[in-house]
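Below are some notes on this model for your files. They go point by point, starting with a cut-off that a later step relies on.

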Amino acid sequence: MKHNFGAGPGILPHEVLKQAAAAVIDFNGTGLSLLEISHRSPEFEAVLDEAVKLVKELFGVPEGYSVLFLQGGASTQFALAPYNLLPDGGKAAYLETGVWANKALKEAKFFGEVEVVATSKESNFTYIPKDFTIPADAAYFHITSNNTIYGTQLQQFPKSPVPVVCDMSSDIFSRKVNVADFGLIYAGAQKNMGPAGVTLVIVKDDLLGKTGRKIPAMFNYQVQIEGGSMYNTPPCFAIYVSMLTLKWLKAKGGVPAIESENNEKARVLYEEIDRNPLFKAVAVVEDRSRMNVCFVAENPEHEKPFLKLCDEKGIVGLKGHRSVGGFRASIYNALPITSVYVLIDAMREFAEKNK
């Protein structure tokens with residue numbers, strides 16, 4: 001058995017993989033593969049409708065918001081958010097908390113002025129900046145809720161005088177969120193929701209159509225809303241697997257239930273890191289991510305032998321990002337706590353061997 005701590009594409013529920021595999025051969029008794037049915041067929045339209053319904057139900061999406069399933073990953077949304085929300089000659093505010101936040105603000109500069117209200121770059125993004133002022137004349141304020149590379153996470157979302165745009169790619173559906181506090185939420189599916197290839201967008205309708213610029217159809221949220229996420233052929237398989245994953249989450253008790261599980265997984269793993277003399281957490285305590293637990297070996301020479309031990313125990317995907325080094329345990333929704341305990345046992349065994 002493999003214990004998949006990979007940062008993304010991340011682990012998916014086993015039962016979802018089985019259902020998806022069966023659908024590749026014969027989708028719902030149609031005699032056709034899910035990969036070859038028309039996206040305009042009643043069978044697939046039912047899938048898309050169910051996926052949208054589950055997003056609204058699980059996340060408590062209020063009236064006045066639209067749910068889209070788009071292509072291009074969250075990186076495309078780095079550009080589409082300002083394209084659709086930042087007026088010509090306008091200004092957007094950004095909180096810089098890591099690589100992805102930095103990439104997002106660079107894209108926004110193509111469309112208008114960007115004010116970086118705060119950054120933790122000087123500490124290699126080991127914390128989330130707290131003391132900053134959001135300019136009231138900004139079109140929106142952009143944040144990244146969880147930082148996969150550095151293992152930091154916004155534990156509370158800042159109050160903002162302007163609409164908040166949030167990249168939730170790595171912690172969507174992992175904890176309760178008040179969608180009404182945001183103007184736009186976007187997330188690549190491949191951490192907590194499904195496979196790579198589809199991106200979830202939740203946008204407040206009354207923010208659209210105010211930039212004063214012409215937007216090509218594929219990049220225009222209003223056009224995508226009018227087309228029901230099917231202006232062009234959507235990523236059918238990725239949407240189907242996302243729908244199955246959302247059904248799995250609903251059956252578990254929804255977001256409140258998975259949040260409780262995620263908190264417990266993070267608690268026991270951080271306790272071991274703090275207790276074990278051979279390892280050290282990277283992020284400051286108050287900003288530690290409950291999705292990506294980043295830590296290093298106190299002795300760098302221990303890194304390779306510990307990874308070798310993990311490999312022997314079926315623990316995969318633990319190597320940290322090159323910009324931080326060490327280890328990164330991504331404990332997304334579908335990772336069972338039993339896998340976390342396998343990792344903890346490996347850490348304890350390694351410590352015993354290297355006293």
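1. Residues count as buried under 20% relative accessible area, as exposed over 50%, and as partly exposed in between. The model discussed here is predicted. Asn-124 has a relative accessible area of 36%, so it is partly exposed.

2. Asn-124 also stands out in its backbone. Its phi is near 55°, which is a positive value in a residue other than glycine. Most residues other than glycine have a negative phi, and most peptide bonds are trans. Asn-124 belongs to the loop between β4 and β5 (141–144).

3. Phe-125 lies in the loop between β4 and β5. Phe-125 is not a glycine either, yet its phi is positive, at about 60°. Its relative accessibility is 6%, and because buried means under 20%, Phe-125 counts as buried.

4. The peptide bond that joins Gly-8 and Pro-9 is cis, with omega about -5°. Pro-9 is placed in the loop between β1 (3–4) and α1.

5. Phe-27 and Tyr-240 are both buried.

6. Phe-306 and Phe-350 make another aromatic pair, with ring centres 5.3 Å apart; the planes stand at 65°, so the pair is edge-to-face. The pair again links distant parts of the chain, with Phe-306 in helix α8 (residues 303–312) and Phe-350 in helix α9 (residues 337–353), 44 residues apart. Phe-306 has 0% relative accessibility and therefore counts as buried. Phe-350 is buried as well, with a relative accessible area of 5%.

7. Phe-306 and Phe-350 also belong to one aromatic cluster, together with Phe-279, Phe-295 and Phe-327.

8. Which residues form the positive surface patch? They are Lys-103, Lys-106, Lys-109, Lys-121 and Arg-322. The relative accessible area of Lys-109 is 52%, so it is exposed.

9. A nonpolar surface patch of about 280 Å² is made by Met-218, Phe-219 and Tyr-231. Phe-219 sits in the loop between β10 (199–204) and α5 (221–226). With 37% relative accessibility, Phe-219 counts as partly exposed.

10. How far apart in space are Asn-263 and Arg-175? The C-alpha to C-alpha distance is 9.2 Å, while the two residues are 88 residues apart in sequence. Asn-263 is part of helix α7 (residues 254–275). Asn-263 has 30% relative accessibility and so counts as partly exposed.

Conventions: Residues numbered from 1 in each chain as written. Predicted model: local features only at pLDDT ≥ 70, side-chain atom pairs only at ≥ 80, totals over all residues. Heavy atoms only, no water. Patch = residues over 30% accessible without salt bridge, like charges linked within 9 Å, V, L, I, M, F, W, Y side chains within 5 Å. Areas by Shrake-Rupley, 256 points an atom, 1.4 Å probe, with all protein chains shown as cover. Salt bridge = Lys/Arg side-chain N within 4 Å of Asp/Glu carboxyl O. Lys, Arg positive; Asp, Glu negative; His and termini not counted. Charge placed at Lys NZ, Arg CZ, Asp CG, Glu CD. Buried < 20%, exposed > 50% of the residue type's maximum accessible area, 1.4 Å probe, protein only. Phe/Tyr/Trp six-rings, centres within 6.5 Å; stacked < 30°, edge-to-face > 60°. Helix = DSSP H or I, 4+ residues; strand = E, 2+ residues; numbered from the N terminus.
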